[in-house]
Amino acid sequence: MSDLTSVLRETLERQGVLDEIKGRVRAEVFKALEDRTIERPKLPSENILINELIREYLEFNGYHHTLSTLLHESKQPQQPLDKEFLRSELRLSLQPSNVPLLYGIVSHLSEPDQEESETRQPLVTIVRK
């Protein structure tokens, strides 16, 4: 029986469907465990914008199973927000491109201006214990 299991696992991996099956099972487990009697609060607009940036990143990188879990758990609307609307809401002056807005935001924040290069504080400070 273990030989059959090994052959089946290898075949599914080779066909590229094993990760998809695992993702589906994970999403179904989350769905089954979710307590439907507790009403979730409405998402604040900031969460919707942040989730949308993450959605765009996940779609771009092909993380479809992670995306389906995000959409299910966050109750984010199924229809993505328009990229220009996101740019406008976040007051971004990034040039339109095919890459997710998150890449432009990270790039912009990680390259200080000439004047700021000496005085700019890091975005994140890591403290090690």
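The protein has six helices and zero strands. Helices here are DSSP runs of H or I with at least four residues, strands are E runs of at least two, and numbering starts at the N terminus. This is a predicted model: local features need pLDDT of at least 70, side-chain atom pairs count only at pLDDT 80 or more, and totals for chains, interfaces and linings use all residues. Residues are numbered from 1 along each chain as its sequence is written, and side-chain values use heavy atoms, with hydrogens and water left out.

**Overall picture**

- From the N terminus on, the elements run α-α-α-α-α-α.
- The protein has 129 residues, and 17% of them count as buried. Buried means under 20% relative accessible area, exposed means over 50%, and partly exposed lies in between (1.4 Å probe, protein chains only).
- The accessible surface comes to about 10700 Å². Carbon and sulfur atoms hold 55% of that surface. Such areas come from the Shrake-Rupley method with a 1.4 Å probe; for residues, only the protein chains shown count as cover.
- Take the contacts (heavy atoms within 4.5 Å) between residues at least 6 apart in sequence: 52% join residues at least 24 apart.

**Aromatic rings**

- The structure holds three aromatic pairs. Rings of Phe, Tyr and Trp (its six-membered ring) pair if their centres lie within 6.5 Å; planes under 30 degrees apart are stacked, over 60 edge-to-face, and the rest tilted.
- Y57 lies in helix 3 (residues 45-60) and Y103 in helix 6 (residues 101-110), so the pair ties together parts that are 46 residues apart in sequence.
- Y57 is partly exposed at 28% relative accessibility. Y103 is also partly exposed, at 36%.
- Y57, F60, Y63 and Y103 form one aromatic cluster.

**Surface patch**

- I21, V25 and V29 make a nonpolar surface patch of about 230 Å². Patch residues have over 30% relative accessible area and no salt bridge; like charges are joined within 9 Å, nonpolar side chains (Val, Leu, Ile, Met, Phe, Trp, Tyr) within 5 Å. A salt bridge is a side-chain nitrogen of Lys or Arg within 4 Å of a carboxyl oxygen of Asp or Glu.
- I21 sits in helix 2 (residues 18-33). I21 is partly exposed, with a relative accessible area of 37%.

**A buried serine**

- S74 belongs to helix 4 (residues 64-74).
- S74 is buried, at 14% relative accessible area.
- The S74 side chain reaches the backbone oxygen of L70 at 2.7 Å.

Note on methods: A polar contact is a pair of N or O atoms within 3.5 Å; within protein, one must be able to donate a hydrogen and the other to accept it, and residues adjacent in sequence count only if both atoms are side-chain atoms.
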